[in-house]
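Reader: Could you walk me through this one? I would like to start with the side chains and then move on to the domains.

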Amino acid sequence: MFLGAIADDFTGATDLAGLLARSGARVSLRIGVPEGPPADTAPYEVIALKIRTIPAVDAVAQSEAALAWLQAAGAKQFFWKYCSTFDSTPEGNIGPVAEALMVRLGAKQTIYCPAFPENGRSIFMGNLFVGQQPLAESPMKDHPLTPMRDSNLMRLLAPQVTGDVGLVDRLCVARGVDAVRAELARLADQGIVHVVVDAVADADLEVIAKACQSFKLLTGGSALAMPLPALHSQGGDTVLDTWQAPKGEALVLSGSCSDMTQRQVAAYAKLASSYRLDPLALMRDGVQPVLDWLAGQSGAPLIYATATPQDVRAAQSKLGRDRAGALVENALAKIAVFARDQGVRRIVVAGGESSGAVTQALGVTRLDIGPEIAPGVPWCACDSDGKRMALALKSGNFGAEAFFATALQKLDGM
Ligand code: ADP
């Protein structure tokens with residue numbers, strides 16, 4: 001086994017697994033830390049946790065358990081995957097988990113590189129950009145759970161770690177592998193253990209991955225892992241030869257409030273019947289009204305809690321942030337189980353936390369990575385209550401405006 005990865009949410013894990021699978025490598029995604037010792041492992045194993053916004057001590061404990069499983073599976077290198085928009089709060093959990101993994105692995109230094117050039121995430125002079133906007137001016141400033149109000153990764157990371165934070169900037173990365181290696185070594189001599197690394201293009205990520213080939217632990221977004229299969233010179237089965245799409249009805253569930261998801265919901269609502277979930281109505285009436293509505297639908301309907309920042313703030317001021325989020329996530333989870341029991345076999349979920357809630361409710365423990373719908377979003381096959389299902393788990397910001405229809409069309413004829 002070459003690489004063992006730990007992802008802080010479910011869509012992050014599918015994103016990473018999808019990009020690794022692009023190389024043709026066999027990639028297996030486990031939901032939560034598998035029970036029992038490793039068996040039937042793939043060369044690339046990704047463990048999806050749901051630890052982005054839980055207390056740091058719990059996030060650390062879960063990632064240490066995941067690490068222990070991956071070590072037992074024989075992984076040679078480890079990857080801590082978080083969001084390409086560095087979603088976290090000043091308390092963590094990106095830094096605390098990285099530090100804990102470093103201790104366990106005896107790693108003296110690690111890098112932080114959430115760049116995902118294909119999706120418009122780039123890092124320059126330690127500042128993260130979303131397209132042409134600095135992170136803190138992007139729609140991420142209004143995220144319901146992790147509003148990002150600073151664009152500087154060193155400033156974001158510093159309060160989350162005990163060790164010193166430094167930067168390898170783009171000018172150094174442009175000079176190539178040896179220059180990056182030398183700069184990392186120079187920083188290590190100064191006792192700088194947490195190093196943000198600039199990247200604005202896939203070519204930069206290749207340089208960085210190569211420069212860090214001997215690192216036990218890499219941390220970053222999914223794109224940083226893309227060059228790794230070539231470096232590991234893998235072989236073996238190709239995933240897509242054997243991947244099969246389960247047949248059955250389809251459903252789109254959206255719990256993301258990102259700018260892109262709002263546009264995707266608006267676009268898809270023109271094509272299919274749709275139902276809007278309101279946290280206050282869920283509090284008052286529960287989930288039964290939407291289940292009744294769904295039972296009368298055919299085709300591939302849409303159920304969404306997706307709302308504007310203004311509406312999210314209104315709901316949060318009445319219910320509290322966590323309560324509003326939990327009401328929506330619980331509803332999506334119950335709807336997914338109901339839909340499965342009604343014969344739905346293909347579900348598209350928008351939102352990282354939302355996807356976590358849905359997969360957990362469906363009792364899914366392993367996903368086999370299939371065809372890619374958009375950069376970072378593959379279809380996945382899984383078992384749920386003895387039924388074979390296809391899930392597409394989309395992080396809020398990913399995909400183009402027509403994503404939901406594109407995803408469903410991708411399985412047409414499969
Ligand atoms: P993303 O991938 O865009 O970050 P997530 O699903 O991870 O999406 O996070 C969105 C969060 O916002 C979830 O916890 C969800 O329950 C919550 N949420 C969704 N709709 C609403 C709403 N209308 N009001 C308040 N919170 C909401």
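Reader: How many aromatic pairs does the structure hold?

Author: The structure holds seven aromatic pairs, where rings of Phe, Tyr and Trp (its six-membered ring) pair if their centres lie within 6.5 Å, and planes under 30 degrees apart count as stacked, over 60 as edge-to-face and the rest as tilted. Trp80 and Tyr82 make an edge-to-face pair, because their ring centres are 6.0 Å apart and their planes stand at 70°. Please keep in mind that this is a predicted model, in which local features need pLDDT of at least 70 and side-chain atom pairs count only at pLDDT 80 or more, while totals for chains, interfaces and linings use all residues. Residues are numbered from 1 along each chain as its sequence is written, and side-chain values use heavy atoms, with hydrogens and water left out.

Reader: Is Trp80 buried or exposed?

Author: Trp80 has 0% relative accessibility and so counts as buried, a term for under 20% relative accessible area, with exposed over 50% and partly exposed in between (1.4 Å probe, protein chains only). Tyr82 is likewise buried at 0%, and Trp80, Tyr82 and Phe86 form one aromatic cluster.

Reader: What about Tyr268 and Phe404, how are their rings placed?

Author: Their ring centres lie 5.9 Å apart with the planes at 80°, so this pair is edge-to-face. Tyr268 belongs to helix H10 (residues 259-269) and Phe404 to helix H16 (residues 403-410), so the pair ties together parts that are 136 residues apart in sequence; helices here are DSSP runs (H or I, at least four residues), numbered from the N terminus. Tyr268 is buried at 7% relative accessibility, and Phe404 is buried at 0%.

Reader: Switching to domains, which ones does the assignment give?

Author: The assignment gives domain 1 (3-231) and domain 2 (249-411), with bounds that come from an automatic or database domain assignment. Their C-alpha centres lie 26 Å apart, and the contact (heavy atoms within 4.5 Å) takes 30 residues from domain 1 and 31 residues from domain 2.

Reader: And what area is buried between domain 1 and domain 2?

Author: About 2,500 Å² is buried there, with carbon and sulfur atoms giving 56%; this is the accessible area (1.4 Å probe) that two parts lose on being put together, summed over both. Thr11, Ile31 and Lys50 supply 23% of what domain 1 buries against domain 2, more than any other three residues.

Reader: How many salt bridges are there between domain 1 and domain 2?

Author: The count is five, taking a salt bridge as a side-chain nitrogen of Lys or Arg within 4 Å of a carboxyl oxygen of Asp or Glu.

Terms used
Helices (H or I, at least four residues) and strands (E, at least two) are DSSP runs, numbered from the N terminus.
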